[in-house]
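This report describes how two chains are arranged and where they meet. Please look through the sequence and the structure below before reading on.

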Amino acid sequence: MKASMSSGLLLILILATLPAAAKELHATIVYDDTATDLTSAREDAGQLWITSADLKRATRFEVKPQGVCRDELCFPLPKAKREAFIHKDAASGNSRQTWFNMIAFADLVHQPVAHDAALSTWYFGLRSDQRRQLSSLQAPDFTLPDLQGKPHRLSDFHGKKILLVTWASW
Amino acid sequence: MAQDTGGAKDAGPWIDPLKYVAAKPDLPKDTIETAKKIGPLSYTVLIDEKHLVSKLYNMVNVPTGVWINEQGRIVRPNEVAFVDDRFKNFTGMDSEPYLNALKDWVEKGDKSAYVMSEDHLREKLTAQDPSIAQASAEFGLGEQLYKSGHPTQAIAHFKEAQRLNPKSWNYKRQAYALTNEKDYGTTFRDEVQKIGGSKVYYPPPELPATEKKQN
């Protein structure tokens, strides 16, 4: 019994010291409620690494010198932990792929993530900057279609009183 | 704002009741009469397949109403918002006090006694519990899996959303409607009984007693 326990421990120690082998997979991410099938993705110890091109395509965020940015919004990356967010492959031929860690970024911006392992799908929820908006008491803006598909934006009704009511068929 | 994962297919008949009954002449007579009574809607009705409004405003049930003033500021937060009595038999709730409050606000604006103080609004609107944000992500994932042709796989995530935010009737009822209540080992009726019945299912709106209409 004692022997099997120590061999088990030894195995765990060996696994922990091995360089983590990233698993390549076909993944889907949902960001701002829009689903994107990624061109390639790597999963490694619960972290989801996507290419910088997919980052822009799926989230409209880009890595810039000042941080991870979209329009006016920018989240600086902690300098000491930059490698937890960005990884560059060793040069191979003409290409040198840059990978971005979506899970570390979600953690940085306090964004909930739900994951379905069997279907390799990740859903990214509202970041804390989006959730905090409600406490400003300014009504969170949104755009939704009517039955004919015509989009309507809440802020288009500015200057009028609005009674916003949700309902459902169920 | 129709909180319907099924989108126009599910919500459409309710938005255009006359067209709906015209296409189905075999409907019960009272359904046709109700549709005629409602008639064409005079306000903007939007379809919210992703439950975005419930997510942005931390809503847990329907109907939920929010009052927003001319400057785009919230002046009354999430509360049950019945503007007629079609569900009165179930809820035991009369829509008149809410309608009177609404008329008072339309007339007096921010000076209406029904407009809430900022502190009170913040207390009611802000969800501090991080599990509520996580619940919303699980529900969103469930919707994505359902829509991409994996309704069975969606169930585990809908269940997780229900566990993390048990106050959300939206998470329960939408999920039951998409597949089957049996997948969740319960029914809407059972869930309502657990909290004490349909007459307490909706917490009534907090309307100042002094403003109650004297009859």
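Two strands are said to pair if DSSP finds at least two bridges between them. In this predicted model, A:L164 stands opposite B:V66, a residue of β3(B). A second bridge of this kind links A:I162 to B:I68 in β3(B). Altogether, five bridges hold β15(A) and β3(B) in an antiparallel pairing. Strands of a sheet pair through backbone hydrogen bonds, either parallel or antiparallel.

The open sheet has three strands, in the order β15(A)-β3(B)-β4(B), and the pairing is antiparallel.

Is β3(B) buried or exposed? Five of the five residues of β3(B) are buried, so the strand is largely enclosed by the rest of the structure. The cut-off behind this is that a residue counts as buried if 20 or more other C-beta atoms lie within 10 Å of its own. Both faces of β3(B) are covered: one side carries the buried residues B:T64, B:V66 and B:I68, and the other carries B:G65 and B:W67, which are buried too.

β3(B) is joined to β4(B) by four bridges, and the two strands run antiparallel. One bridge pairs B:W67 with B:R76 in β4(B). The two strands form a hairpin with five residues between them, and in the turn B:G72 has a positive phi of about 80°.

The loop between α4 (52–57) and β3 (64–68) of chain B contains B:P63. The peptide bond that leads from B:V62 to B:P63 is cis, and its omega is near -5°.

## Where the chains touch

How many residues of each chain are in contact with the other? The contact involves 40 residues of chain A and 60 residues of chain B. On the side of chain A that touches chain B, the elements giving two or more residues are β11, β12 (121–124), β13 (143–145) and β15. The largest share, five residues, comes from β15(A). By type, the residues on this side of chain A divide into 24 nonpolar, ten polar and six charged.

## Chain B as a whole

Chain B has eleven helices and four strands. Its C-alpha trace spans about 50 × 50 × 35 Å along its principal axes. For 215 residues, a compact globule would have a radius of gyration near 17 Å; the value for chain B is 19 Å, which agrees.

Of the 215 residues of chain B, 34% count as buried. Among the contacts in chain B between residues at least 6 apart in sequence, 54% join residues at least 24 apart.

## Two loop residues of chain A

A:D71 belongs to the loop between β7 (67–70) and β8 (73–75) of chain A. Its phi is positive, about 50°, although A:D71 is not a glycine. Is A:D71 buried or exposed? A:D71 is exposed, because 7 other C-beta atoms lie within 10 Å, and a residue with 12 or fewer counts as exposed.

A:H110 sits in the loop between α3 (102–108) and β11 (113–116) of chain A. A:H110 is a residue other than glycine, and its phi is positive, near 50°. With 16 other C-beta atoms within 10 Å, A:H110 is partly exposed.

## Confidence in chain A

The average pLDDT of chain A is 89, and 86% of its residues score at least 70. Where does pLDDT stay under 50 in chain A? This happens over residues 10–19, for which the model has zero contacts beyond four places in sequence. Where pLDDT is low, the predicted coordinates should not be read in detail.

Conventions. Residues numbered from 1 in each chain as written. Chains lettered and ligands numbered in written order. Predicted model: local features only at pLDDT ≥ 70, side-chain atom pairs only at ≥ 80, totals over all residues. pLDDT = per-residue confidence, 0-100. Contact = placed C-beta atoms within 7 Å. Nonpolar A, V, L, I, M, F, W, Y, C, P; charged D, E, K, R; others polar. Rg over C-alpha atoms; globule rule 2.2 N^0.38 Å.
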